[in-house]
Amino acid sequence: MRIDLHVHTWPKSQCSKINPKDLIREALRIGLDGFCLTEHQVLWDMEEVRKLAEENGVRIFRGNEFTTAQGDVLTFGFYEDIKEIITVSELCERVRAAGGFSIAAHPFRGFKTFGFGQLEMSLDQAGKKKILQFVDAVEIRNGRVTENENEVACAVARKLELRATAGSDAHELDALGTWVTVFDEELETEDDLVDALKSGRYSIETLR
Ligand SMILES: [Zn+2]
Ligand SMILES: [Zn+2]
């Protein structure tokens with residue numbers, strides 16, 4: 001089942017232009033089975049999400065995207081409301097204690113000077129990035145970063161043997177599905193999603 005794990009909607013994420021109703025329509029149109037709402041430090045109300053999903057015949061899961069002192073982290077199965085900026089180690093500890101799952105979002109965004117030619121040499125350095133020592137997985141394909149930045153994330157995930165996920169990070173409708181995570185099994189609940197993320201039984205695809 002094809003899930004876009006990383007989507008922002010307006011107004012919960014002020015930086016997004018996507019209206020939740022349009023998002024659902026577009027998701028169905030491009031062949032997504034569902035998506036995760038990962039606003040910036042805002043968690044959707046369970047009942048609201050359940051209603052939207054049921055009325056529209058699409059899977060909608062709740063996640064969260066936290067800004068930590070060491071970079072952005074997507075969380076699933078974690079329902080604490082944290083508004084202040086904490087460290088990645090504290091966040092990941094809390095997520096793990098709650099039985100959740102954490103993913104380093106676009107870990108090499110902005111590392112544009114990091115060329116392919118130097119990749120071999122720099123891979124060791126890249127792998128030492130602090131955020132990667134605490135998360136459960138790395139977002140190796142993100143729709144808002146350069147190909148090179150995704151390639152570095154990909155190489156580092158392989159090197160550190162971390163799970164690898166993908167998401168569009170859509171802030172505009174036409175970005176939805178640029179990268180999706182394809183799960184082997186049917187996911188019904190948020191617990192199913194967390195179990196599947198932990199299992200590693202998924203691959204990556206693009207719908208654009
Ligand atoms: Zn982010
Ligand atoms: Zn994001």
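Select Ser 16 first. Leaving aside neighbours within four places in sequence, Ser 16 is in contact with His 8, Thr 9, Trp 10 and His 171; two residues are in contact if their C-beta atoms, placed from the backbone, lie within 7 Å. This is a predicted model, in which local features need pLDDT of at least 70, side-chain atom pairs count only at pLDDT 80 or more, and totals for chains, interfaces and linings use all residues. Residues are numbered from 1 along each chain as its sequence is written, while chains are lettered from A and ligands numbered from 1 in the order in which they are written.

Ser 16 sits in the loop between strand E1 (2-7) and helix H1 (20-30). Helices (H or I, at least four residues) and strands (E, at least two) are DSSP runs, numbered from the N terminus. Is Ser 16 buried or exposed? Ser 16 is buried, with 20 other C-beta atoms within 10 Å. A residue counts as buried if 20 or more other C-beta atoms lie within 10 Å of its own, as exposed if 12 or fewer do, and as partly exposed in between; the C-beta atoms are placed from the backbone.

Now select strand E6, residues 137-142. Here 6 of the 6 residues are buried, so E6 is largely enclosed by the rest of the structure. Strand E5 (residues 101-104) pairs with E6 in the parallel sense over 2 bridges; two strands pair if DSSP finds at least two bridges between them. Ile 103 stands opposite Ala 137 in E6. E6 also pairs in the parallel sense with strand E7 (residues 163-167), over 5 bridges. The bridge partner of Arg 141 in E7 is Ala 166.

Then select helix H5, residues 147-160. H5 has 14 residues and reaches 20 Å from its first C-alpha to its last, close to the 20 Å expected at 1.5 Å a residue (1.5 Å times one less than the number of residues). Colour Asn 150, Val 152, Ala 153, Val 156 and Ala 157, which are buried in H5. Seen down the axis of H5, the buried residues fall within an arc of 160°, so they line one face of the helix; the arc is that of the directions from the helix axis to the C-beta atoms. After H5 comes Glu 161, whose phi is positive, near 55°.

Last, select Val 135. Among its contacts beyond four places in sequence are Val 73, Cys 92 and Ser 102.
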